[in-house]
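Biologist: I'm new to this one and would like to learn how to read it. Could you walk me through it, feature by feature?

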Amino acid sequence: QVQLQESGPGLVKPSQTLSLTCTVSGGSITAAYVYYWTWIRQPPGKGLEWMGAIGSDGSTYSNPSLKSHASISRDTSKNQFSLQLSSVTPEDTAVYYCAREVGGTYYLDYWGQGTQVTVSS
């Protein structure tokens, strides 16, 4: 059973960089099968937004609407992948989820429980 767990600060000040980490257990983020380890967020009162992903081979993909605002990396020794969101504004307030997409299917078969991040001074 694959489990994902998000961790990071619950409160960030505007203009700072938000860093979130997803720790994966029960499966390797470098598994031979193609998975995309994904970040998704949901602002209050809005729908889910796909932010980006890192593939099992280390390839990264980002939502074009976020441009260079977001970056995704991984630490294979810890079986973790991370999201960094620079120059945050209150519009980045959301519940952030990490999830696993089965390669090429858009199907997210495992999700973390989500972590609330509030951007406020």
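**Reading the model, step by step**

Modeller: Let's start with threonine 89, which is partly exposed, with a relative accessible area of 32%. Buried means under 20% relative accessible area, exposed over 50%, and partly exposed in between (1.4 Å probe, protein chains only). This is a predicted model, where local features need pLDDT of at least 70, side-chain atom pairs count only at pLDDT 80 or more, and totals for chains, interfaces and linings use all residues. Residues are numbered from 1 along each chain as its sequence is written, and side-chain values use heavy atoms, with hydrogens and water left out.

Biologist: Where does threonine 89 lie?

Modeller: Strands (E, at least two residues) are DSSP runs, numbered from the N terminus. Threonine 89 sits in the loop between strand S8 (80–85) and strand S9 (94–102). In space, threonine 89 is 6.2 Å from valine 119, C-alpha to C-alpha, though the two are 30 residues apart in sequence.

Biologist: Which side chain does the side chain of threonine 89 make a polar contact with?

Modeller: A polar contact is a pair of N or O atoms within 3.5 Å; within protein, one must be able to donate a hydrogen and the other to accept it, and residues adjacent in sequence count only if both atoms are side-chain atoms. Here the partner is the side chain of glutamate 91, at 2.9 Å.

Biologist: And how do I read a disulfide? Which cysteines does it join?

Modeller: A disulfide is a covalent bond between the sulfur atoms of two cysteines. The rule used is a pair of cysteine sulfur atoms within 2.5 Å, and the count comes to 1 disulfide. Cysteine 22 is joined to cysteine 98, S to S 2.1 Å. Cysteine 22 lies in strand S3 (residues 18–25) and cysteine 98 in strand S9, so the pair ties together parts that are 76 residues apart in sequence. The torsion about the S-S bond is about 65°, so this disulfide is right-handed.

Biologist: Are those cysteines buried or exposed?

Modeller: Cysteine 22 is buried, with a relative accessible area of 0%, and cysteine 98 is buried, also with 0%.

Biologist: What about the largest nonpolar core: which residues have the most contacts inside it?

Modeller: A nonpolar core is a set of buried Ala, Val, Leu, Ile, Met, Phe, Trp, Tyr and Cys residues joined through side-chain atoms within 4.5 Å. The largest one has 26 residues, and Trp39, Phe81 and Tyr96 have the most contacts inside it. Elements giving two or more residues to this core include S3, S4 and strand S11 (115–119).

Terms used: Helix = DSSP H or I, 4+ residues; strand = E, 2+ residues; numbered from the N terminus.
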